[in-house]
Amino acid sequence: GNPTGRPAVVRNRFGKGTCYYMAGQIDRIFYRTGHPDYERALLSLIGLGAEPPPLQVVGPNTVEATYFTRGATYVVHLLNHTYGEIYPVQPGTMGPYGHFSRDAFRAVTEVVPISNLRLELNFKGRIRTVFNPLTGDELSVVRKGATRQIRLPALKEYLAVVVQRTA
């Protein structure tokens, strides 16, 4: 496009911190449309100002991953949202976020299993064990540089993984 003389992204450093401001409502647009360009822009900005997370799932963005800790134990929950597409709302109606809404969806009739998922561990310390608490299966850990990687079994609807570090 044509230069406007107005910045799209502004960085401000203050003390030990850094703040980024992006013009527009990129987060809201991403929420409305799910467009991968907006996702990459948001993740890039977050990556500039944050340390790597202690756990990271490598896979498609249809995988929702959350975790909690208790002492030296991490419990990771993975949900498969291959059905979570956005569909336009009916003509003449308006969803809470305009003509596209996360509230307008089709009924779940099929969940496509996801293979080749990997869990990357980005914390220091030794790992005592990694296992699936639903089946009791132990999962193997492979060191790749500074991270440890765990190849996950196929994700159908839900998968849980427990990572126990040495105290």
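View 1. Tyr67 is partly exposed, because its relative accessibility is 37% (buried is under 20% relative accessible area, exposed over 50%, partly exposed in between, with a 1.4 Å probe and protein chains only). The model is predicted: local features need pLDDT of at least 70, side-chain atom pairs count only at pLDDT 80 or more, and totals for chains, interfaces and linings use all residues. Residues are numbered from 1 along each chain as its sequence is written, and side-chain values use heavy atoms, without hydrogens and water. The whole structure holds 2 aromatic pairs (rings of Phe, Tyr and Trp, the latter by its six-membered ring, with centres within 6.5 Å; planes under 30 degrees apart are stacked, over 60 edge-to-face, the rest tilted). Tyr67 and Tyr74 make a tilted pair, with 5.6 Å between centres and 45° between planes.

**View 2. Tyr74 against Phe123.** Tyr74 is buried, because its relative accessibility is 9%. The Tyr74 and Phe123 rings are stacked because their centres are 5.0 Å apart and their planes at 0°. Tyr74 belongs to strand S5 (residues 73-80) and Phe123 to the loop between strands S8 (118-121) and S9 (127-131), so the pair ties together parts 49 residues apart in sequence (strands are DSSP runs of E, at least two residues, numbered from the N terminus). Phe123 is also buried.

View 3. Tyr67, Tyr74 and Phe123 form one aromatic cluster. The charged end of Arg165 sits over the Phe123 ring, 4.7 Å from its centre (NZ of Lys or CZ of Arg within 6 Å of the ring centre and within 35 degrees of the ring normal).

**View 4. Asn116.** Asn116 lies in the loop between strand S7 (100-101) and S8. Its phi is near 60°, a positive value in a residue other than glycine. Asn116 is exposed, because its relative accessibility is 62%.

Key
Helices (H or I, at least four residues) and strands (E, at least two) are DSSP runs, numbered from the N terminus.
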